[in-house]
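Hi everyone, thanks for coming. I'd like to walk you through one model today, so please have a look at the screen.

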Amino acid sequence: MSSSERDLGSQDGLGSQDGLGPQDGLGPQDAFGSQDGLAARVAADRDRARARIAALERDLAVLFEATEDSPDDEHDPEGATIGFERAQVTSLLAAAHAHLAELDEIAGRVADSTYGSCEACGVPISAERLAARPTARRCIACAT
């Protein structure tokens with residue numbers, strides 16, 4: 001397992017383990033103490049996502065370097081091919097970029113004070129929904 005895979009171990013769709021979800025059942029600002037507290041949490045998560053991307057890009061470069069001398073890795077008796085590992089890291093890198101894009105979008109909603117409000121009807125999104133899915137842009141009623 002590469003260092004970047006360990007870094008991504010807690011990311012499985014932006015759940016509350018990423019640190020963004022309200023923790024006490026209140027609205028988004030109340031859960032983080034203030035608008036500034038929420039913005040700081042998002043900024044920290046964006047920094048972690050950028051670090052994940054950098055680590056994955058390094059891992060991918062190492063894998064490409066490994067195939068420069070011998071492009072035929074299909075007959076490696078030691079297990080997974082470099083092609084498979086390259087595909088896996090490429091997929092993780094795509095997921096990390098998507099994660100960063102979602103965090104950037106959240107940062108925009110925090111900045112314009114719309115984070116935690118349904119984009120369809122304007123009602124507050126429940127703290128439980130934001131805890132489970134911090135990237136939620138719609139309340140349960142509008143999402144279904």
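This is a predicted model: local features need pLDDT of at least 70, side-chain atom pairs count only at pLDDT 80 or more; totals for chains, interfaces and linings use all residues.

Let me start with how elements are assigned: helices (H or I, at least four residues) and strands (E, at least two) are DSSP runs, numbered from the N terminus. With that in hand, the order of elements in the protein chain, read from the N terminus, is α-α-α-α-α-α. That makes six helices and zero strands.

Residues are numbered from 1 along each chain as its sequence is written, and side-chain values use heavy atoms, with hydrogens and water left out.

Next, the chain as a whole. I'll call a residue buried under 20% relative accessible area, exposed over 50%, and partly exposed in between, using a 1.4 Å probe and protein chains only. On that scale, 36% of the 144 residues in the protein chain are buried. The accessible surface is about 8000 Å², and carbon and sulfur atoms hold 53% of that; these areas come from the Shrake-Rupley method with a 1.4 Å probe, and for residues only the protein chains shown count as cover. As for contacts (heavy atoms within 4.5 Å), take those between residues at least 6 apart in sequence: 59% of them join residues at least 24 apart.

Let's move on to α4, which covers 82-111. This helix has 30 residues and reaches 43 Å from its first C-alpha to its last, close to the 44 Å expected at 1.5 Å a residue. The expected span is 1.5 Å times one less than the number of residues. Which residues of α4 are buried? They are I82, V89, L93, A96, H99, L100, L103, I106, A107, R109 and V110.

Side chains of opposite charge can pair when their charged atoms come close. A salt bridge here is a side-chain nitrogen of Lys or Arg within 4 Å of a carboxyl oxygen of Asp or Glu, and the structure holds six salt bridges.

One of them joins R109 and E105, at 2.9 Å from N to O. The two are four residues apart in helix α4, so about one helical turn separates them. R109 is buried at 8% relative accessible area, whereas E105 is partly exposed at 27%.

D45 is buried at 3% relative accessibility, and R48 is partly exposed at 42%.

What about R46 and D104? Their side chains form a salt bridge at 2.8 Å, N to O. Because R46 lies in helix α3 and D104 in helix α4, this pair ties together parts that are 58 residues apart in sequence. Both ends are partly exposed, R46 at 22% and D104 at 34%. There is also a network of salt bridges linking E119, R137 and R138.

Last stop: the backbone. Most residues other than glycine have a negative phi. Just after α4, though, S113 takes a positive phi of about 60°. S113 sits in the loop between α4 and α5 (127-132), and this serine is exposed, with a relative accessible area of 52%.
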